[in-house]
Amino acid sequence: MAILIRNARVLTMARGPRPRRGAALRELGIVEQGDVIIERERIVAVGQSLSMPPALRVIEADGRVLMPGFVDCHTHACWAGDRLGEWELRLKGATYQEILAAGGGIMSTVRAVREASQVQLAGALAARLEVMLRHGTTTAEVKSGYGLSTEDELKMLRAIREAGEEWEGTAVPTALLGHAIDPAQPGFVQQTIRRTLPAVHEEFPEVAVDAFCEQGAWSADDATLLLQHAGALGHPLRIHADQFTSQGMVARAIGMKAVSIDHLEASTPEDLARLAASSTFGVILPCCGLNLDGRYAKARQLVDAGGLLAMATNFNPGSAPTPSMPMAIALAVRFCGLSPAEAIAAGTINAATLLGLRDRGAVAPGQRADLILLRHTDERMLAYEIGGNPVDAVICGGRLVPPVEVFR
Ligand code: NIG
């Protein structure tokens with residue numbers, strides 16, 4: 001049955017270039033008192049006082065904000081175990097990097113993931129995707145990276161595919177083959193490049209390949225080698241860079257035409273200027289700053305210099321244990337210098353374009369009907385409110401997400 005959403009403040013994101021750069025990032029394309037008609041999984045009409053097709057379900061928005069579902073373009077939402085003990089150590093003063101250097105952190109989740117079955121991983125991810133959906137995320141990128149052996153990386157990617165097939169939203173897998181260095185595997189970097197990458201390429205030829213370039217993780221030389229091999233096989237390239245220290249990876253990744261460089265908390269002004277002048281997205285992950293050490297990427301500089309910006313939760317058990325894009329928006333506005341409108345565009349239309357999904361991220365005829373209706377009549381409330389769930393209703397692929405069953 002068709003759906004009509006009536007009398008909404010519609011953030012269409014439909015005017016201006018795609019993806020957005022510079023001042024265009026602020027352009028939300030607002031239609032006041034707007035109606036949106038959905039048939040099957042697509043948006044078919046957007047405007048004011050639309051004439052209604054005969055059989056349809058009507059949702060009265062009463063002036064509330066209707067906007068594209070969030071596209072969370074950087075997550076590690078597939079994991080097993082927990083890091084509660086390490087989190088308590090951090091509360092007592094241990095740093096993320098000290099814990100990683102002592103064999104914990106990413107490596108402790110790697111151990112838990114290796115012990116879990118594909119079914120268990122898919123189940124854990126499915127539960128998290130459901131929570132993300134309730135907070136307005138209708139498309140989520142999910143990285144592997146806690147397997148770090150050929151078999152365990154494939155197990156993770158299969159689990160992400162399995163959970164994604166069952167989910168109402170869209171899960172986009174990324175092969176994070178260079179997440180940490182496994183000290184138990186001699187020649188780990190070569191092993192990853194010679195054995196794991198070809199095996200992943202065979203079964204998942206379309207996925208992006210990613211690495212974490214940092215002291216105690218992958219060096220710039222090794223990350224470059226991995227990405228060069230992945231690029232030669234046709235994989236889109238992504239990189240975690242400048243989270244704690246600048247390793248010179250930004251210039252290299254731009255040179256390799258990487259799709260995105262994610263984190264950027266420790267980037268130099270020169271590297272941000274370089275990134276702004278390129279066609280590579282900068283992805284900011286402000287929930288890390290809140291959870292780890294109060295350092296945030298200087299997104300204002302990137303946007304003012306005309307760069308491509310996207311934003312994500314980075315949902316993971318170590319640096320950013322949150323499924324909430326509204327939380328990421330609230331932090332990006334407070335600590336990364338973005339306006340609410342810029343943060344919204346970075347988490348919708350730009351994030352979708354980064355993932356190669358041009359069929360979503362805007363409210364326009366032909367776009368996939370992934371929409372959220374906020375509890376608010378002013379979208380700035382998304383950034384103003386901290387810690388609540390501002391989403392009243394989610395429509396995903398043209399279907400209204402049913403309310404949670406609390407009684408069985
Ligand atoms: O992007 N820094 C590397 N990877 C994740 C953290 C993963 C973890 O701690 O488990 C990040 O912050």
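T224 is a buried residue, at a relative accessible area of 11%; buried here stands for under 20% relative accessible area, exposed for over 50%, and partly exposed for what lies in between, taken with a 1.4 Å probe and the protein chains only. I begin with this threonine, which belongs to helix 7, residues 220-232. Helices (H or I, at least four residues) and strands (E, at least two) are DSSP runs, numbered from the N terminus. The side chain of T224 makes a polar contact of 2.9 Å with the side chain of R252. By polar contact I mean a pair of N or O atoms within 3.5 Å; within protein, one must be able to donate a hydrogen and the other to accept it, and residues adjacent in sequence count only if both atoms are side-chain atoms.

Colleagues, a word on the source. The model is predicted, and local features need pLDDT of at least 70, side-chain atom pairs count only at pLDDT 80 or more, while totals for chains, interfaces and linings use all residues. Residues are numbered from 1 along each chain as its sequence is written, and side-chain values use heavy atoms, with hydrogens and water left out.

Let me turn to the ligand. Which residues are closest to the ligand? They are R83, Y96, Y146, Q243 and S319, within a surrounding set of 16 residues; a residue is near a molecule if one of its heavy atoms lies within 4 Å of it. By class, this shell holds five nonpolar residues, ten polar residues and one charged residue. In that division, Ala, Val, Leu, Ile, Met, Phe, Trp, Tyr, Cys and Pro are nonpolar, Asp, Glu, Lys and Arg are charged, and the others, Gly among them, are polar.

For R83, a polar side-chain atom is 2.8 Å from a ligand oxygen. For N314, the corresponding distance is 3.0 Å, and for H240 an N or O atom of the side chain is 3.4 Å from a ligand oxygen. The ligand has 330 Å² of accessible area on its own, and the protein covers 100% of it; accessible areas come from the Shrake-Rupley method with a 1.4 Å probe. The largest cavity is the space that the ligand takes. A cavity, on a 1 Å grid over the protein atoms alone, is a set of points where a 1.4 Å probe fits but cannot get out.

I move on to helix 12, which spans residues 325-335. How many of its eleven residues are buried? The count is eight, and the buried residues are M325, P326, M327, A328, I329, A330, L331 and A332. Just after the helix, G337 has a positive phi of about 80°.

Next, the backbone geometry. The peptide bond from R18 to P19 is cis, with omega near -5°, and P19 lies in the loop between strand 1 and strand 2. T12 also lies in the loop that joins strand 1 (2-11) to strand 2 (30-39), and T12 is buried because its relative accessibility is 5%. Q33, in strand 2, has phi near 45°; its relative accessibility is 56%, so Q33 counts as exposed. H263, in strand 11 (residues 260-263), has phi of about 105°; at 2% relative accessibility, H263 is therefore buried.

T95 and I344 are 249 residues apart along the chain, with C-alpha atoms separated by 31 Å. T95 sits in the loop between helix 1 (84-91) and helix 2 (96-101), and its relative accessible area of 36% makes it partly exposed. I386 and A258 are 128 residues apart in sequence and 33 Å apart in space, C-alpha to C-alpha. I386 is in the loop between helix 15 (380-384) and strand 15 (391-396), and counts as exposed at 55% relative accessibility. For T12 and G145, 133 residues apart along the chain, the C-alpha separation is 35 Å.

Terms used. 1 Å grid on protein atoms, 1.4 Å probe; cavity = no way out; pocket = protein on both sides within 12 Å on 5 of 7 lines; lining within 4 Å. Sits in = over half its atoms within 2 Å of the grid points.
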